[in-house]
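Reader: I have a model open and want to learn to read its features. Can you take me through them in order?

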Amino acid sequence: QVQLVESGGGLVQAGGSLRLSCAASGSIFSLAAMGWYRQGPGKQRELVADISSGGTTNYADSVKGRFAISRDNAKNTLYLQMNSLKPEDTAVYYCNARRVLGGVRLDYWGQGTQVTVSS
């Protein structure tokens, strides 16, 4: 099992910045990747950014150039630096970790942290 605890959400004005953190514990060895997803009001959950165990990053087109994902392996912590925030970034942000065992993908989720961007 993997436990994920997010922090760092809040209310910010458009153009502002926030940094989300996700502390991971438990069986975190052999994780294939970690990432951030979000779910806005009335929307489906979507990938924001992820980072592989080798450090390869991937971003949704809507956040490229504004958001940066990183991980501190020594602290078992994942980060999402969010700059130039827009009202459409308003959502609950979820930390995700995944591994593949026997060809089956296993996903682990945090409880989510609210990000609200006011115009």
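Author: We start with the overall fold, then go to sheets, rings and charges. Keep in mind that this is a predicted model.

Reader: How many helices and strands does the protein chain hold?

Author: Start with the tally of elements. The protein chain has zero helices and 11 strands. Read from the N terminus, the elements run β-β-β-β-β-β-β-β-β-β-β. The radius of gyration is 14 Å, close to the 14 Å that the globule rule gives for 119 residues, so the chain is as compact as a globular protein of that length.

Reader: What does the C-alpha trace span along its principal axes?

Author: The spans are about 45 × 30 × 25 Å. As for burial, 42% of the 119 residues count as buried.

Reader: How many bridges join strand 7 to strand 8?

Author: Six bridges join them, and the two strands run antiparallel. Alanine 68 has glutamine 81 in strand 8 as its bridge partner.

Reader: Let me move to strand 4. How many bridges join strand 4 to strand 5?

Author: Six bridges join strand 4 to strand 5 (residues 46–52), in the antiparallel sense. Tryptophan 36 has its bridge partner in strand 5, and that partner is alanine 49. Strands 4 and 5 form a hairpin with six residues between them.

Reader: Which residue of strand 6 stands opposite alanine 49?

Author: Tyrosine 59 of strand 6 stands opposite alanine 49. Alanine 49 is also the bridge partner of tryptophan 36. Strands 5 and 6 pair in the antiparallel sense over three bridges. Their hairpin has four residues between the strands, and glycine 55 takes a positive phi near 100° there.

Reader: On to rings. How many aromatic pairs are there?

Author: For rings, check the distance between centres, then the angle between planes. The count comes to one aromatic pair. Tyrosine 37 and tryptophan 109 form it, at 5.0 Å centre to centre with 75° between the planes. Planes over 60 degrees apart count as edge-to-face, and this pair is edge-to-face. The pair links distant parts of the chain: tyrosine 37 is in strand 4 (residues 33–39) and tryptophan 109 in strand 10 (residues 104–109), 72 residues apart.

Reader: Which residue lies over the face of tryptophan 109?

Author: Arginine 45 lies over that face, at 4.6 Å from the ring centre. Arginine 45 also lies over the face of tyrosine 94, at 3.7 Å from the ring centre.

Reader: Last, charges. How many salt bridges does the structure hold?

Author: The structure holds six salt bridges. One of them joins arginine 38 and glutamate 46, with the closest N and O atoms 2.8 Å apart. Arginine 38 is buried, with a relative accessible area of 6%, whereas glutamate 46 is partly exposed at 36%.

Reader: What is the N to O distance for arginine 66 and aspartate 89?

Author: Their side chains meet in a salt bridge at 2.8 Å, N to O. The pair links distant parts of the chain, 23 residues apart. Arginine 66 is in the loop between strand 6 (57–59) and strand 7 (67–72). Aspartate 89 is in the loop between strand 8 (77–82) and strand 9 (91–101). Arginine 66 is buried at 11%, and aspartate 89 is buried at 1%.

Reader: Which residues are linked in a network of salt bridges?

Author: Arg38, Glu46, Arg66 and Asp89 are linked in such a network. Another salt bridge is formed by aspartate 61 and lysine 64, at 3.1 Å, N to O. Aspartate 61 counts as exposed, at 65% relative accessibility.

Methods:
Residues are numbered from 1 along each chain as its sequence is written. This is a predicted model: local features need pLDDT of at least 70, side-chain atom pairs count only at pLDDT 80 or more; totals for chains, interfaces and linings use all residues. Side-chain values use heavy atoms; hydrogens and water are left out. Rings of Phe, Tyr and Trp (its six-membered ring) pair if their centres lie within 6.5 Å; planes under 30 degrees apart count as stacked, over 60 as edge-to-face and the rest as tilted. A charge sits over a ring if NZ of Lys or CZ of Arg is within 6 Å of the ring centre and within 35 degrees of the ring normal. A salt bridge is a side-chain nitrogen of Lys or Arg within 4 Å of a carboxyl oxygen of Asp or Glu. Buried means under 20% relative accessible area, exposed over 50%, partly exposed in between (1.4 Å probe, protein chains only). Two strands pair if DSSP finds at least two bridges between them. The radius of gyration is taken over C-alpha atoms; the globule rule is 2.2 Å times the number of residues to the power 0.38.
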